[in-house]
Amino acid sequence: MSVQSAAADVDVDLRQLFASLARNWLRIVLVTLVLTGLAFAFAWLATPQYKAVAKLEIGSRESVFTRPAGTTSDDKPATDEEAVATEVQIMSSPDILKKVASDLNLEKLPEFDEALKMSALSRALVLVGLKSDPFDIPPEERVLKAMHDKLNVYGVEKSRVIAVEFSSNDPKLAAQVADAIAQAYLASKGSAKMESNTAATGFLGPEITDLQNRVKDAEAKVAAYRAQSDLLMGGNNSVLATQQLSELSSELSRVRANRAAAEATADSVRKALQNGGTLDSVPEVLSSELIQRLLERQVELRTNIADLSTTLLDNHPRIRALKSQLADLNDQIRNEAQKILKGLATQAQTAKAREDQLVQEVNTLKAASARAGEQQVELDALQRDANAQRQQLESYMASYREAASRADRNYLPVDARLLSKAQVPTEPYFPKIGPITGAAAAASLLLMAISTLLRELFSGRAMRPAAGARFEPIEQVAMPVARTEPALADAEDEASDDSVADERIGQGTVMEATPAEPVDPPDPAQPEARRSWQPRLGEIDVEKAAEKLIASGAARAIFVSPEGDEAAATAVLVAREVSDAGLRVLLLDLTASGAASRPMLDSGLLPGITNLLASEAQFSDVIHPDLYSDAHVIPVGTADPIRAMRAADRLPIIMQSLTTAYDLVVVECGPADAQGIGRLVGDGTEVFLSMLEADDEVTQAAVKLIENGYPDVTLVTPVGYEPGDPLPGRRSAA
């Protein structure tokens, strides 16, 4: 049975479809003319509407000479989009519209109050309930509703300008209302500023009086507390006790340093005297003039003794006299050193006494300074409170004087100005007779043409049977059959095939495959059609190729078809044969035209390997079931081939994933070379070369594959293969 839907068995006959326009031209023209005439009559009889526009600029109008003291141009509020939108809402507020309606007496005009002059049609609609009764609405609300319908207030893009647009039957009234709304808005802004200024002066007057009394009380508290706490201020704006404490601390440090130096010097002199050492290394001893003279005399005696020792013996009376003098001299030096030591000890004791006295004074001042610090904290708090109230008083007084002066002189600048008044329009903006009539004619003509085409399409008269829509009850795979022509015919066919192959090679992989025409089964009455098939280049048939793949346990079968798309059927037949044997088989179509996957699917627009490489789909989206077997198919796909080939390095990863999920992956590569199939080869790979005719093209392709690292290439041909019965509910490939 056929797997094509009924919608796929017919095509749209465009010639018949558009011919319906010529057959129904009179009806189309008449309807178009009628609708165009109605549009022209409506535009001609419609009441003309005039539109006037007034523009205002939103921004600060304060002069640099009248700006309050202490403020700059940066202090004024920014006019952003939200501020402009707020002003737009204020302009279209009911309060401003009510004032404009009252000033211009709009409630007396039928244009703004339909209750003043209702037509008979309107009264009839009200009676039957198809229209609300205007008398149920207060007159003021009817006028406001009419004004809202005719008013359009909007901010001009990328500017601080607001446009007030108003339409009316009367051009002068349109300009008057637009200007009146702008003036009412400016007046309302001025009134708002006046009210704000009056409220500010009313608030600041009593507040200033109260602040003056509070400032006076706060300053009195500061003066009273300062006198009570006896906080005398010294230099550097600090409390006197704190300043004295700092000075005594410095004096105490100096006295302690002097005492330590005196004790250290006395200790060094004491050690020198006790150990019998020389006193020459003690600076305080050497600084004594008496000791210096004694030391000089000591040096002189030692020199004399040394000179006499060269000629006299040690027991000589003169040498003994000199040594006696030298001993007396040493005793005098030590006695003087003892006096210096006593002086240093006395100096250290004096420094210690001074230190004790200073420590007592420092402790006394510490307590006084702590009390003064606590009192100073309280005084500072009172002073801060007084200063804060004084600053607030000064700020209030400045603001009060500013507000009072503006109120007295009636100077309150509004943050907006009328940029341009509304001009009385001379031409109506509605209706435009020409554009309305032209648009109606074009629209009616287009609608009539579309309705005619749809009517013809849905009636079925524009449909015709699709080419190849009718199938035989049982169809066979379109495969070449064994040749029965004589040898001369074989030579001619080979020459013809060579020329076709040359043309196909010149076109490359971009040649589009044409679906093979169904071939009727051979007639048993003709013995020539049942001639047995004989190999010429050692090729094997489809069944033996399938048996070889099953027996070897191959995981990948790479098919190369140097003769083009016609030989791609070999991969399809081998995949189905292996699938019928019970293995899980997937066919990957890598031809440019999709010649291998097209006979296995019901559409050539399914996602495939190009979508997978371009990351536009996942594995589950590109794997489809074969219509005629249990095999699965990955077609070429619908993605951009150039973009997909940029990710060709992912093919080994994809092949590895497919061989993990399937027992056998059959890849049809078309007229590829050894380098082209390099990314597809892996463990357990069998390489096949599909052939239809034993010509030089096939021979050269096989030799190149063998020379480039594929010595086990196998030639296989579909010639003479007759597929078995298709699966139940399916038909053979066409």
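User: Which residues of helix α19 (residues 651-661) are buried?

Analyst: This is a predicted model. Buried means under 20% relative accessible area. In helix α19 that group consists of Leu651, Ile654, Met655, Leu658 and Thr659.

User: Which elements do the buried residues of α19 pack against?

Analyst: Contact here means heavy atoms within 4.5 Å. The partners of the buried α19 residues include strand β7 (556-560) and α17 (619-622).

User: Where is serine 593, and which side chain does the serine 593 side chain join in a polar contact?

Analyst: Serine 593 is in the loop between β8 (585-589) and α16 (609-613). Its relative accessible area is 8%, so serine 593 is buried. At 2.7 Å, its side chain makes a polar contact with that of aspartate 565.

User: Which residue with a positive phi follows α20?

Analyst: Phi of this residue is near 105 degrees. The residue following α20 is glycine 709.

User: How many aromatic pairs are there?

Analyst: Rings of Phe, Tyr and Trp pair if their centres lie within 6.5 Å. By that rule the count is 5.

User: Is the pair of phenylalanine 112 and phenylalanine 166 stacked or edge-to-face?

Analyst: The ring centres of phenylalanine 112 and phenylalanine 166 are 6.1 Å apart, and the planes meet at 15 degrees, so the pair is stacked. Phenylalanine 112 is in the loop between α4 (94-104) and α5 (120-127), and phenylalanine 166 is in strand β4 (residues 161-168), 54 residues apart. Both phenylalanine 112 and phenylalanine 166 are buried. The label asked for is stacked.

User: How far apart in sequence are the parts tied together by phenylalanine 203 and tyrosine 396?

Analyst: The rings of phenylalanine 203 and tyrosine 396 have planes at 65 degrees and centres 6.1 Å apart, so the pair is edge-to-face. Phenylalanine 203 is partly exposed, at 45% relative accessible area. Phenylalanine 203 lies in helix α7 (residues 171-229) and tyrosine 396 in helix α11 (residues 317-409), so the parts tied together are apart in sequence by 193 residues.

User: Which ring does the charged end of lysine 51 sit over?

Analyst: The charged end of lysine 51 is 4.1 Å from the ring centre. The ring belongs to tyrosine 429.

User: What is omega of the cis peptide bond between phenylalanine 430 and proline 431?

Analyst: Most peptide bonds are trans. Proline 431 is in the loop between β5 (416-420) and α12 (433-459). The cis bond joining phenylalanine 430 to proline 431 has omega of about 0 degrees.

User: Is lysine 158 buried or exposed?

Analyst: Lysine 158 is in the loop between β3 (151-155) and β4. Its phi is positive, near 55 degrees. The relative accessibility of lysine 158 is 82%, and exposed means over 50%, so lysine 158 counts as exposed.

Note on methods. Residues are numbered from 1 along each chain as its sequence is written. This is a predicted model: local features need pLDDT of at least 70, side-chain atom pairs count only at pLDDT 80 or more; totals for chains, interfaces and linings use all residues. Side-chain values use heavy atoms; hydrogens and water are left out. Helices (H or I, at least four residues) and strands (E, at least two) are DSSP runs, numbered from the N terminus. Buried means under 20% relative accessible area, exposed over 50%, partly exposed in between (1.4 Å probe, protein chains only). A polar contact is a pair of N or O atoms within 3.5 Å; within protein, one must be able to donate a hydrogen and the other to accept it, and residues adjacent in sequence count only if both atoms are side-chain atoms. Rings of Phe, Tyr and Trp (its six-membered ring) pair if their centres lie within 6.5 Å; planes under 30 degrees apart count as stacked, over 60 as edge-to-face and the rest as tilted. A charge sits over a ring if NZ of Lys or CZ of Arg is within 6 Å of the ring centre and within 35 degrees of the ring normal.
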